[in-house]
Amino acid sequence: MPFMAIRPILLHPDPRLKKRCDPVDGIDDKLRILIDDMFETMYDAPGIGLAAPQVGVMSRVLVMDCAKTDEEEPAPIAMMNPEILWASDEMNTHEEGCLSIPEEFNDVERPAAVQVRYLDLDGAEQTLDCDGLLATCVQHEIDHLDGKLFIDYLGPMKRQMITGRMKKRKKEKAKTA
Ligand code: NI
C-alpha cells in the first residue's frame, strides 16, 4: 500500500476548473491512489467535499464526508461517474464555500434533495438519496466535474469581485512561495 499524499489544490481562476471532466472507465490502482489522496487532501484542508479537477485530475471522481461534528462517525463517500437521476422541486438555500475559492462564502439555492447514481470503488453501481448538507455538497461536487463553480450561481458583479480577490490572493501567494 503506497503512502497517502496531500495534493496541492488548484485555486480559482484556473482553466482546469472550467473544463468538463472525462468519465472513469474502470477502477485500477491509479484511481484507488487518487481517491486515497483526495480524502487525505480534503480532511487536511479541512473540507467536506473535493472533486478530482481540484487536484488537476480531469476525471469524473469526487469524495465527500458530510459528518458535521468531530463526535459524529466519519462518513467517507467516493463516487465515480456520478449522475443526478432525480432532483426535488423543493429548493434549499445553503451557504457554500469551496477549497478552490478559500475564504469566500455565499448563499446558493439548489434542489433540497437529489438521487445520485454512481460507481463505487468496487466498480458497483450505487444509488444514494441525499438531502440536507449532503444534497448541497454532492451537487456542488458534481458541478466541479462539469467545470462549474458555486460562484457561477451568483450575479456577475459578485462573481467578478470574488475572482478579483482570488487573483490578488494567488499573486501574493506566488510571491511568498
Ligand atoms: Ni468546490
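Predicted model: local features only at pLDDT ≥ 70, side-chain atom pairs only at ≥ 80, totals over all residues.
**View A. Phe-39 and Tyr-43 stack their rings.** The structure has one aromatic pair (Phe, Tyr or Trp rings, the six-membered one for Trp, with centres within 6.5 Å). Its rings are 6.1 Å apart centre to centre, with 20 degrees between the planes; stacked means planes under 30 degrees apart, edge-to-face over 60, and tilted the rest. Helices (H or I, at least four residues) and strands (E, at least two) are DSSP runs, numbered from the N terminus. Phe-39 is buried at 13% relative accessible area, while Tyr-43 is partly exposed at 39%. Buried is under 20%, exposed over 50%, and partly exposed in between (1.4 Å probe, protein chains only).

**View B. Cys-98, His-140 and His-144 hold the nickel ion.** Their SG, NE2 and NE2 atoms, in that order, lie 2.1 to 2.3 Å from the metal. Donors are N, O and S atoms within 2.8 Å of the metal (3.2 Å for Na, K and Ca); water is not among the atoms, so sites may look incomplete. The spacing in sequence is C-x41-H-x3-H. Cys-98 is in strand E4 (residues 91-98) and His-144 in helix H2 (residues 132-145), so this pair ties together parts 46 residues apart in sequence. Both are buried: Cys-98 at 11% and His-144 at 2%.

**View C. Helix H3 has a buried side and an exposed face.** Ile-162, Thr-163 and Met-166 are the buried residues of H3. They span an arc of only 100 degrees around the axis (taken from the directions from the axis to the C-beta atoms), which puts them on the same side of H3. Strand E5 (101-111) is part of what covers them. The face turned away from the buried side carries exposed residues, including Lys-167, Lys-168 and Lys-171.

**View D. Cys-130 and its neighbours.** Leaving out residues up to four places away in sequence, Cys-130 touches Ala-112, Ala-113, Val-114, Val-116, Ala-135 and Val-138; contact means heavy atoms within 4.5 Å.

How values were computed. Residues numbered from 1 in each chain as written. Heavy atoms only, no water.
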